[in-house]
Each structure stands twice: as structure tokens, then as C-alpha cells.
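Work through the two exercises below with the model open. Try each task before reading its solution.

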Amino acid sequence: MGERVILGLESSCDDTAAAVIRGTPGAAVILSSVVAGQADLHAPFGGVVPEIAARAHAEKLDGCVAQALAEAGLTLDRIDAVAVTAGPGLIGGVLSGVMCAKGIAAGAGLPLIGVNHLAGHALTPRLTDGADYPYLMLLVSGGHCQFLIVSGPDDFRRLGGTIDDAPGEAFDKTARLLALPQPGGPSVEAEAALGDPGRFPFPRPLLDRPGCDLSFSGLKTALLRTRDAVMQDGRLKRSDRVDLCAGFQAAVTEVLAEKTRRAIAEYLVSEPETPLLAVAGGVAANRPIRAALERVAQENGLAFLAPPLRLCTDNAAMIAYAGLERMAAGAVDDMTLVARPRWPL
Ligand code: KG4
Ligand code: ZN
């Protein structure tokens, strides 16, 4: 397949995004990537409100598409296909994106490609660094946490994953319990940098069990209990808060690092030829977590790839790229494309 120019749309959670990429599988460049967040809209509610998200996506998608095309210096007649997140995610947002993409595809006579949001994250190392298949991927975001052997745009083998909350969700809940702003990841990371990770010994869930499955819901309960024990007159001192954040983050980091060690061992049994660990998803933006995973990769003789921060969190460049790979594999959709709230890889 020659070079293609793909317009991508993403609206499965609380970021409305559009992007244009150009290239071939393993060799694509981002011409533009526009992300309109909704943090302000959801802030008063302490979490993402699905109906508010869906309305905001419906309002913002057109503008994001127009801006992405303008920044790429292209008009729709120069686009080869429209790729859109068709799930998994909040159904109102996914529907908004799919309807918008169908409108563009029908109006401009373009092929339409439905993309799994998780595949978008999982293929990001191919977009950013042209990583060769197969590679081991740790996908850690607000809604997901899994180890995957990625062997193709539709070829994922799951080695394990969370049995309850995703780590990003745990960061967000921790922020809520400690009255820190959402999204919780960056605010907890900033507080943790000032704290003592050893003061509060939080549990390391499932480390005593074999395999690559993880669990994070117990950590949140432990955090709540410890917070209540140190609060005085309903108030939490800043010095306690930074130590709580540091202890929580240290527990998440250690669990992710140890489970990654095990996933690498499994991966190396079946795929010793391409020793690469890549991370993706919003939690991969966390610097101490990234550093710990990089150390684990090095210890085991694997190269390590983490996308730049703006491509770790939700964006449409990864959706456009996954669309490019699907198109190259002949997997094009049509107007019967449906939005899927649940869609395991
Ligand atoms: O990948 P993403 O943008 O959306 C999902 O598909 O879930 O991930 C968002 C999640 C949020 O839970 C956010 O708190 C978390 O990623 N996150 C972080 C950091 N930055 C974002 N978690 C830990 N540390 C960070 N620096
Ligand atoms: Zn995501």
C-alpha cells in the first residue's frame, strides 16, 4: 500500500480529539493532533459525567475536525479515509464520534474505519517509533490495565490484567479522597514527589499470587482507612497528604513493576526474537512508574518504549494510525458500523 492520509476521531471518554496522519504501517507522521479536554466541565462533579461528556463531544467534534484539517494544511478532498473510535467507552461519546465520522465519510465519499480505542493505545509504539511486531505492551489507563503481546493490528494476546479497578481510576479516586483536582494522576504524582513513600505501608495486592493479574481496589480502601486515621477534626495536614500520595504511588509502582517482570518472563518464552516492552495509556505519563518499568525492561534485556506524554493520554493520532493499519490489512467498514460500549481486544 502506498502512503495514505487518514483523518482520525476520538470521543470515547472525556477528551474530544481529531488528528491527521500520513504514511504507511510502521512509517507514519502526525500532521496534526487536536485534543479538546473537558476537565472543567466535569470538575464540579468529581468525575466524568457521561451525559455532559456526550453533549460536549457532540458540540466540539466539528470544530476539532476543522482545526485538525487546517493545522495539517489539508482539505477533505486530500484525505483517504476516516477512522473513528467505535468503542469501548462511554456510549454517548462513542456514538457522537461514530455519527460524525459517518457524516464526513458519506459527505466526502471516503472509506470509514472503526477502531478499537485499546488498539489505538496498543499500536502507539508503531506510530511513534515504528516498532516491529511483536512486542510486549503494558496498557495502563483510567479504564484499563492489561499485558498484551501485540503481533498485528488485530492480533493481541492477553497475558493478564486487572481483576477490578484500573490504576488510573485508583489515582483518580485517591485524588478525590484527598481533595486534589481531577484527573487524579498528575495531581497525585505532584504531591507524591514531596512525600515519604515509606511512612504508610500500603498493601501490594496479588503479589502473593502467580501470574500477571492485578488488583487496585483494595489500595483505595487502605488509603481511605489510613487517611481517616491521620485526619484531625476532619482536616488533613499537607505533610500527611503528600506522604499518603507517595505511599499510594509507591504501592502502584511496585505492583506494576513486579507484574511486568512476570509478563516479560512469559513473553520471552514465546517471542524471544523481538525483546521490546512498550507502555501506553494515561498512567504511562507517570514519571516514577515509567522509570520503574524502564528499569525492569533493562534488567531483563528488553528495549523500552514510552510514547511522549501527549500520545500516552487519549488522542486521535493513535486512532488515525490504527485506522491506517486496518486499512492496509483490508479491514474497512461501512455505514453499518456500530458504536460498542464494550469491546474487548
Ligand atoms: O488513556 P487515558 O487518557 O484515558 C483512558 O482511556 O482511560 O487515561 C486517563 C487516566 C486517568 O485516570 C488519569 O488520572 C491517568 O490516566 N493519568 C495518570 C497520570 N496522567 C494521567 N496517572 C498517573 N500519573 C499521571 N501522571
Ligand atoms: Zn485511553
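Two exercises follow, one on the whole chain and one on listed positions.

This is a predicted model: local features need pLDDT of at least 70, side-chain atom pairs count only at pLDDT 80 or more, and totals for chains, interfaces and linings use all residues. Residues are numbered from 1 along each chain as its sequence is written, and chains are lettered from A and ligands numbered from 1 in the order in which they are written.

**Exercise 1.** Describe the overall dimensions of the protein chain.

Solution.
- Step 1. The C-alpha trace spans about 65 × 50 × 30 Å along its principal axes.
- Step 2. Of the 345 residues, 53% count as buried. Buried means that 20 or more other C-beta atoms, placed from the backbone, lie within 10 Å of the residue's own.

**Exercise 2.** Find where Leu-139 and Ser-141 sit, and decide whether each is buried or exposed.

Solution.
- Step 1. An unreviewed UniProt entry lists positions under "binding site", including Leu-139 and Ser-141. Such annotations may be inferred rather than shown by experiment.
- Step 2. Leu-139 is in strand β6 (residues 135–140). Strands are DSSP runs of E, at least two residues, numbered from the N terminus. Ser-141 lies in the loop between β6 and β7 (145–152).
- Step 3. Leu-139 has 26 C-beta neighbours inside 10 Å, so it counts as buried. Ser-141 is buried too, with 25 other C-beta atoms within 10 Å.
- Step 4. Contact means C-beta atoms within 7 Å. Beyond four places in sequence, Leu-139 touches residues including His-121 and Gly-281. With that exclusion, Ser-141 contacts residues that also include His-121 and Gly-281.

Note on methods:
Buried ≥ 20, exposed ≤ 12 C-beta atoms within 10 Å, placed from the backbone. Helix = DSSP H or I, 4+ residues; strand = E, 2+ residues; numbered from the N terminus. Contact = placed C-beta atoms within 7 Å.
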